[in-house]
Amino acid sequence: MKKVLSVLVAMVLTLCLCSFASAEGAAYHVGICQLVQHVALDAATQGFQDALKEKLGDAIVFDLQNASGDTNTCSTIMNNFVSNGVNLIMANATPALQAAVASTGDIPILGTSVTDYATALDISDWTGATGINVSGTSDLAPLDQQAAMLHELFPDATKIGLLYCSAEPNSKYQVDVIRGYLEDMGCTCTEYTFADSNDVASVAQNACDGSEVIYIPTDNTAASCTEAIRNVVEPAKIPVIAGEEGLCKGCGVATLSISYYDLGYATGEMAYEVLTGGADVASMAIRFAPNVTKEYNKELCDLLGVVIPEGYTAIE
Amino acid sequence: MISRLFQIPEGFIVNLGALLNALPGAVAQGLIWGIMSIGVYITYKVLDLADLTVDGSMATGGAVCVMLMLNGCNVWLALLCAVIAGMLAGLLTGIFHTQFGIPPILAGILTQLSLYSLNLAIMDFKANQGINVTKYQLIVSQRNVRTFDLSNPIVITLLFLAVLIGILYWFFGTETGCSLRATGANEAMSRAQGINTKKTKILGLMISNGIVALSSAMLAHYQGFVDVNMGRGAIVIGLAAVIISEVLFGKLFRNFALKLLAVAIGAVLYFIVIQIVLWLGLNTNLLKLLSALIVAVFLGIPFWKANLTGKHPHKGGQPHA
């Protein structure tokens, strides 16, 4: 019995050696780690894959993994990518990006759907490029234009509620910045934070009681429970300015939308440059969304009696 | 639908080599969570208290350590402060339970809830704080997991484990330690013998959460960031590790120190299971379901074996630590 066992083990080990030596062809292997399932992140991943498939066709192989909202799983996924020896890692959302940076200093990493790389990676003296094996695209929509849009649609509103999830650093960053712009316009802003999708309804109710208009940044948690927010703001007749299209479709009146698909596509183009053009990831500047469109949600606008001026496109 | 379950990435050869290459990472993560599981073992097995505080203290340790280091503190001092912060969290649960008369599970939940806000406050109301491995002297880092020297997180964590198990082995042999064990074994009898069970429970909770906070700080170093939701689901991992160790090594290891080691091994096995599920290339949206199923099968094997052979695991009189 012992002899059979030792022979079996020897066979398994030699198989491992063989598999190490097996050639994997000339295809590029790209590992994609997405933090959580929701529309915007899914669109970014799709854009990324489409861009690379267009440029490289069959010479690209993707390993798409989803951490299902668990930041610890991001480390496990990154460990998998590094041990598989992928040529490039695409990290979709901040915790995925941080896990990627912690697990490798050599494999090029491209981030997307990350609002601010300097805070995510704790880089001081920000120059536009990270200086380490990280680059990517940022989903920071122009917040001054968003504040201006809020003022354009609701010129008489002075009490603005800023609703976001306290567990999301990107939201806090956007709220801090837009608060400055709104206060310059003479509005008083109050922050309303919820911890997760369980308290979103009660905090939203609080926000409705204390504000004339509510602003929600590009918040992953809010984007995954727009129905709950809509069920509160609609009866209360409080309009919501959303940070992105998915949010606006669910519960918002208007948004200055970036297309996450285009963002992902831009990341895919950067990946192409890194994989084939030999571009140096450390000096590639972070790119932003190519264009922004003013959009409005016709149904909610009609319900709340908001008049939309020229220059806005309706969301289908 | 079957094809969506088995989305094996086109082109990747499902080879054993990749799995073996991924194992060091799984082992390192498992050992760090193993330290946390030892903390859970102390409350769950020794003190016989279900302590849900760990979902909160699993983020507190990391938050305190990272914020101190970002403000220039020495790494060992930051670690010590993280442990103290964890002990304070345990103290809070202990006070809720003994002074307010709240049942232990609820007390743990209340502390866990308050710790969310406290952790956020410690992190300066930012939900996520990165710590750069190149700028700070981190104890462990996921980058070194395949190197063959002393910076390998597996080696460092094993050292930490050895020291921790040694200290706990000594402590539970002292009079205070024994009174803690007695409280867990039979509270009424312990009180009759003149042991202040309120104090021992508080002490047990403090020690347990201090250990969990230590693990949290190491995890924050390993991952390179601390996130306010880091601890979510931690109690599940801790209990899984404790129960796996009991099922697999319960009859083999009688010595307390070896039992603690078995708990760490249980955590490592849990993470190896997750790594295998990922390696199989199945749809990652089903990751949690599949991990749970595999662990369930794991735990069912001794039970089925006993049923088949007719020898049942001895009922009643579970050996106490």
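What you have here is a predicted model, with an ipTM of 0.71 and a pTM of 0.80.

Let's start with chain A. Its secondary structure comes to 13 helices and 13 strands, and the C-alpha trace spans about 80 × 45 × 40 Å along its principal axes. Of the 316 residues in chain A, 52% count as buried. If you take the contacts in chain A between residues at least 6 apart in sequence, 73% of them join residues at least 24 apart.

Chain A splits into two domains, each built from two segments: domain 1 covers 28-140 + 260-291, and domain 2 covers 143-257 + 293-314. Taken over C-alpha atoms, the centres of domain 1 and domain 2 of chain A are 28 Å apart. Where they touch, domain 1 of chain A puts in 10 residues and domain 2 of chain A puts in 11. The domain 1 side of that contact has 3 nonpolar, 5 polar and 2 charged residues.

Now for a sheet in chain A. Seven strands make an open, mixed sheet in the order 7-6-8-9-10-12-13. Its edges are strand 7 (188-194) and strand 13 (313-314) of chain A, each of which pairs on one side only. Within the sheet, strand 8 (residues 213-216) and strand 9 (residues 240-242) of chain A run parallel, with 3 bridges between them; A:Y215 has A:I241 in strand 9 as its bridge partner.

| Helix (chain A) | Strands touched (chain A) | Angle |
|---|---|---|
| Helix 8 (residues 200-210) | strand 6 (159-165), strand 7, strand 8 | about 170° with strand 7 |

Next, those loop residues. Most residues other than glycine have a negative phi. A:S68 has a positive one, near 50°, and sits in the loop between strand 2 (60-66) and helix 3 (71-84) of chain A. With 16 other C-beta atoms within 10 Å, A:S68 is partly exposed, because that count lies between the cut-offs of 12 and 20. B:D48 also has a positive phi without being a glycine, at about 60°. Its place is the loop between helix 2 (16-46) and helix 3 (54-70) of chain B. B:D48 is partly exposed too, with 18 other C-beta atoms within 10 Å.

How do the two chains meet? The contact takes 44 residues from chain B and 42 from chain A. On the chain B side, helix 2 gives the most, with 9 residues. By class, that side of chain B divides into 21 nonpolar, 18 polar and 5 charged residues.

Finally, confidence in chain B. The pLDDT averages 87, and 92% of the residues score at least 70. Helix 4 (residues 75-98) of chain B comes out highest, at 96, while helix 1 (residues 2-5) of chain B is lowest, with a mean of 48. Residues 1-6 of chain B have a pLDDT below 50, and that stretch has 4 contacts in the model beyond near neighbours in sequence. Residues 8-13 of chain B also stay under 50, and there the model has 15 contacts beyond four places in sequence.

Conventions:
Residues numbered from 1 in each chain as written. Chains lettered and ligands numbered in written order. Predicted model: local features only at pLDDT ≥ 70, side-chain atom pairs only at ≥ 80, totals over all residues. Helix = DSSP H or I, 4+ residues; strand = E, 2+ residues; numbered from the N terminus. Contact = placed C-beta atoms within 7 Å. Domains from an automatic or database assignment. Nonpolar A, V, L, I, M, F, W, Y, C, P; charged D, E, K, R; others polar. pLDDT = per-residue confidence, 0-100. Pairing = 2+ DSSP bridges. Axes fitted to C-alpha atoms, helices over the stretch in contact; angles between N-to-C directions.
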